[in-house]
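Subject: Structure for your files

Hello,

Here is the structure I said I would pass on. My notes on it follow below.

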Amino acid sequence: MVTTICYKVIDLSPHDEDALASLEDLLNHQVEEGWELVTSFQRTHKALQVGSTIAPVPGLVSTMLVFKRDDA
């Protein structure tokens with residue numbers, strides 16, 4: 001029997017008020033579908049600026065949620 005592990009990543013933007021307001025609903029929905037929260041972290045977005053340099057965008061940080069599920 002082969003078990004396949006699937007991963008799902010959800011990117012929550014701090015500017016999406018609906019997503020942040022319903023975070024508990026989002027997490028509960030993932031659990032109902034069999035997903036397990038593995039980790040979460042914040043990610044700073046970067047942008048290409050004039051002069052071809054890549055720099056962080058101040059104030060643009062999103063939260064990443066990583067889930068996994070065993071599919072038999």
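Val38 sits in strand β2, where strands (E, at least two residues) and helices (H or I, at least four residues) are DSSP runs numbered from the N terminus. With a relative accessible area of 42%, Val38 is partly exposed; buried means under 20%, exposed over 50% and partly exposed in between, with a 1.4 Å probe and protein chains only. Together with Ile5 and Tyr7, Val38 makes a nonpolar surface patch of about 300 Å². Patches take residues with over 30% relative accessible area and no salt bridge, joining like charges within 9 Å and nonpolar side chains (Val, Leu, Ile, Met, Phe, Trp, Tyr) within 5 Å.

Before the rest, a word on the source. This is a predicted model, in which local features need pLDDT of at least 70 and side-chain atom pairs count only at pLDDT 80 or more, while totals for chains, interfaces and linings use all residues. Residues are numbered from 1 along each chain as its sequence is written, and side-chain values use heavy atoms, with hydrogens and water left out.

**The chain as a whole**

The chain has 2 helices and 3 strands, running β-α-α-β-β from the N terminus. Of its 72 residues, 17% are buried. The accessible surface is about 5,400 Å², and 55% of that belongs to carbon and sulfur atoms; areas come from the Shrake-Rupley method with a 1.4 Å probe, and for residues only the protein chains shown count as cover. Taking contacts (heavy atoms within 4.5 Å) between residues at least 6 apart in sequence, 65% join residues at least 24 apart.

In soluble globular proteins, nonpolar side chains tend to be buried together. Here the largest nonpolar core has 5 residues: Ile10, Leu12, Trp35, Leu65 and Phe67. Two or more of these residues come from each of β1 (4-12) and β3 (53-71). A nonpolar core is a set of buried Ala, Val, Leu, Ile, Met, Phe, Trp, Tyr and Cys residues joined through side-chain atoms within 4.5 Å.

Gln30 lies in helix α2 and is buried, at a relative accessible area of 5%. With the same exclusion of neighbours within four places, Gln30 contacts Lys8, Ile10, Trp35 and Phe67.

**Salt bridges**

How many salt bridges does a search of the whole structure find? There are 3, each being a side-chain nitrogen of Lys or Arg within 4 Å of a carboxyl oxygen of Asp or Glu.

- Glu33 and Lys8 pair at 3.7 Å, N to O. Glu33 is in the loop between α2 (23-32) and β2 (36-49), Lys8 is in strand β1, and the two are 25 residues apart. Glu33 is partly exposed at 36% relative accessibility, and Lys8 is partly exposed at 23%.
- Arg43 and Asp11 pair at 3.1 Å, N to O. This pair also links distant parts of the chain, with Arg43 in strand β2 and Asp11 in strand β1, 32 residues apart. Arg43 has a relative accessibility of 34% and counts as partly exposed, as does Asp11 at 38%.
- Arg69 and Asp71 pair at 3.3 Å, N to O. Arg69 is partly exposed at 25%, and Asp71 is partly exposed at 28%.

**Around Ser62**

Beyond residues up to four places away in sequence, Ser62 touches Asp11, Leu12, Ser13, Pro14, Phe41, Gln42, Arg43 and His45. Asp11 and Arg43 in that list are also the partners in the 3.1 Å salt bridge.

Ser13 lies in the loop between β1 and α1 (17-21) and is partly exposed, at 26%. From Ser13 to Val61 is 48 residues in sequence and 7.2 Å in space, C-alpha to C-alpha.

Regards
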